Amino acid sequence: MAQLRALIAEDQALLRVGLTRILQSDGIEVVDAVQDAATLAAALAKDDFDVAILDVRLPPTFTTEGLTAATMARAARPALPVLVLSQHVEPLYARDLLADGQGCIGYLLKDRVADVDGFLAAVRQVAAGGTVLDPEVVAGLLTNRPDPVDRLTDREREVLTLMAQGRSNAAISARLHVSEGAVTKHINSIFTKLDLPQAPDDNRRVLAVLAWLDGAGG
Amino acid sequence: MVDDVGDGRPSGRPAPVVALPSFPVDTRGVLERLRLTAVATGTAALAVPGWILLILAIIAVPLSVIGIGLWIGLIVVHGTATLVHVLRTIAAGLLDADLPEYPVEGQGRSPVRLIAAWVRDPLRWRELALVAFTGTFGLALSVLPAGLLLSLPVHATLLLTDGGPVWSALTVLAVPMTALWWVGTPWLVRVRALADAAILGHSQSRRLAERVAEVEKTRAELIDHSAAEVRRIERDLHDGAQARIAAVGMNVGLAERLMKIDPDAAAELLREAREGTVSALEDLRSVVRGIHPPALADRGLTGAVEALALSLPGPVTVTLRLPGQLPAPVESALYFAVAECLANAVKHAGATRMWVAGAAEPGRVSVVVGDDGRGGADPRGSGLAGVARRLAAFDGTVAVASPAGGPTTVTLEVPWHSSEP
């Protein structure tokens with residue numbers, strides 16, 4: 001497999017350096033590490049990276065420059081892999097990111113980077129077309145859901161949460177200490193209860209679940 | 001407009017009417033009553049320009065058909081404004097109140113437009129009513145003190161020069177007039193001033209309306225200020241402690257990963273992480289200081305200002321004699337006001353010596369922050385304006401005296417009434 005190339009946008013030097021080191025420690029090449037919205041737009045326009053790792057807040061206004069840049073870049077290049085990092089997560093932002101239904105999206109708290117292996121796995125997963133959401137985002141999407149979620153068993157809800165985070169069947173089974181067969185069974189049950197069409201692969205399955213979570217309650 | 005003179009009273013204003021006891025009969029009482037009589041007589045004399053203006057106003061109406069009426073109208077407009085200004089100044093001085101001026105709008109317009117605007121403005125009709133009052137009942141009120149005072153000497157003189165029973169009787173009757181002058185003069189002068197103010201519309205409800213407008217303005221400013229403060233705190237946390245702790249997490253995570261392959265690099269990352277936690281705590285402390293300084297919580301305003309003084313370069317003399325029971329928000333507002341002033345002194349004035357003096361006075365707490373720097377502070381600068389906004393919420397005021405070359409003094413005042421009897 002060719003070396004993965006990443007673009008970083010992070011205004012705080014400490015975190016920029018930290019991210020760069022972590023990515024490099026796993027053999028991921030950092031093609032550019034920009035600090036503000038203007039240089040980010042230029043860097044995103046270049047086609048020299050496989051995944052963009054963006055901070056939501058960037059100069060000049062420190063609001064949602066990173067998010068805006070990601071949305072615009074993905075409008076120009078659909079399914080451009082983008083991993084958004086933030087110090088606090090907003091389910092609303094997740095909705096904006098997921099709106100195009102293309103996947104290739106990650107949205108994580110900066111806290112998660114400390115779990116270096118998990119973070120690196122997330123980077124590779126997004127680059128490979130997967131979707132990775134922070135447990136906090138999923139929890140935000142799951143709260144105040146209408147009835148169908150209530151009909152799920154506790155175990156099914158755990159599976160749903162992990163699935164929404166973008167984990168594969170194997171990862172879910174390892175996490176919950178159950179067999180992959182049992183996970184498949186839970187997933188089928190969830191899809192039946194939520195009245196979702198069965199999806200052929202992991203990514204589509206995640207997107208279906210997220211679309212449901214995102215759409216049902218508004 | 002008016003300049004500040006020595007005792008802080010605008011020039012041209014008479015001193016206020018104070019309650020004068022009828023006893024004892026002393027020099028001070030006599031002098032004060034004579035002064036009031038003089039003021040009242042002067043006010044009475046304004047009846048003459050009042051009559052002239054009224055006559056002009058009346059003849060201006062028919063004459064406006066031919067051009068000359070317009071010119072007479074202009075005389076009425078400007079004459080009324082001048083006369084009312086004088087009456088307002090007298091009433092404001094006597095009542096020791098601020099009676100705001102409402103200058104004629106449309107200066108520099110053509111005479112026709114100016115007069116048209118003047119006629120449409122209800123305030124001008126009030127002013128015209130005051131002119132009419134000055135020429136009639138106001139005149140009667142204001143002429144009385146002099147009349148009562150002069151009654152006895154005039155009749156006595158006539159008695160001495162002319163003789164006869166009529167003058168004797170009148171002279172006897174004039175004695176109670178003098179007593180009436182003694183007792184009544186302060187009242188008459190005050191009633192006249194109150195009547196003038198009331199005709200101009202400075203009634204209780206008007207004052208309340210103005211007060212409400214002011215409260216609404218300061219409240220809106222305070223909300224803006226609080227919102228800006230909250231944003232600042234959020235930014236400080238986001239850019240400071242939160243980012244540092246996230247970086248510590250990254251370092252530790254990477255160190256964990258490198259532990260086996262590159263222990264030296266891992267140790268270096270852990271050392272950085274440890275330093276990061278120290279910086280994060282420092283950031284948190286400074287954020288806390290910006291919200292509610294621990295010294296203020298522990299030791300009150302005086303202790304907090306003393307602690308602040310110690311942390312500044314250059315000597316700061318602190319002499320604060322403040323009541324212990326100031327409300328916490330007032331203490332906090334005063335603390336940050338003092339902090340801002342001292343920071344300005346250090347940053348902009350190049351001060352070598354600073355002082356903070358404060359004391360509780362009847363009805364208010366006043367704190368003066370001074371420095372020997374180069375002066376020229378701009379009271380509208382964002383820092384001082386912020387201080388003023390913050391204090392305005394408590395009806396407090398900020399007065400800046402900062403001549404070029406210094407020294408600068410900033411006087412912070414907040415109304416305060418002791419809860420102790």
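I started with S4(B), residues 397-401, and found it joined to S5(B) by 5 bridges, the two running antiparallel. Strands here are DSSP runs of E, at least two residues, and helices are runs of H or I, at least four, numbered from the N terminus. Strands count as paired if DSSP finds at least two bridges between them.

This is a predicted model, where local features need pLDDT of at least 70, side-chain atom pairs count only at pLDDT 80 or more, and totals for chains, interfaces and linings use all residues. Residues are numbered from 1 along each chain as its sequence is written, with chains lettered from A and ligands numbered from 1 in the order written.

Next I checked S3(B), residues 364-371, which pairs with S5(B), residues 408-415, in the antiparallel sense over 8 bridges. Val365(B) faces Val414(B) there.

Then I went to the helices. H2(B), residues 47-63, packs on H3(B), residues 68-95, at about 150°, axes 8 Å apart (axes are lines fitted to C-alpha atoms over the stretch in contact; angles run from 0 to 180 degrees between N-to-C directions). So H2(B) is roughly antiparallel to H3(B), the word for angles over 145 degrees.

Who makes the contact? I listed residues including Leu53(B), Leu56(B) and Ala60(B) of H2(B), and Ile72(B), Val76(B) and Leu83(B) of H3(B) (contact puts C-beta atoms, placed from the backbone, within 7 Å).

Notes:
Parallel < 35°, antiparallel > 145°, perpendicular 65-115°, else oblique. Contact = placed C-beta atoms within 7 Å.
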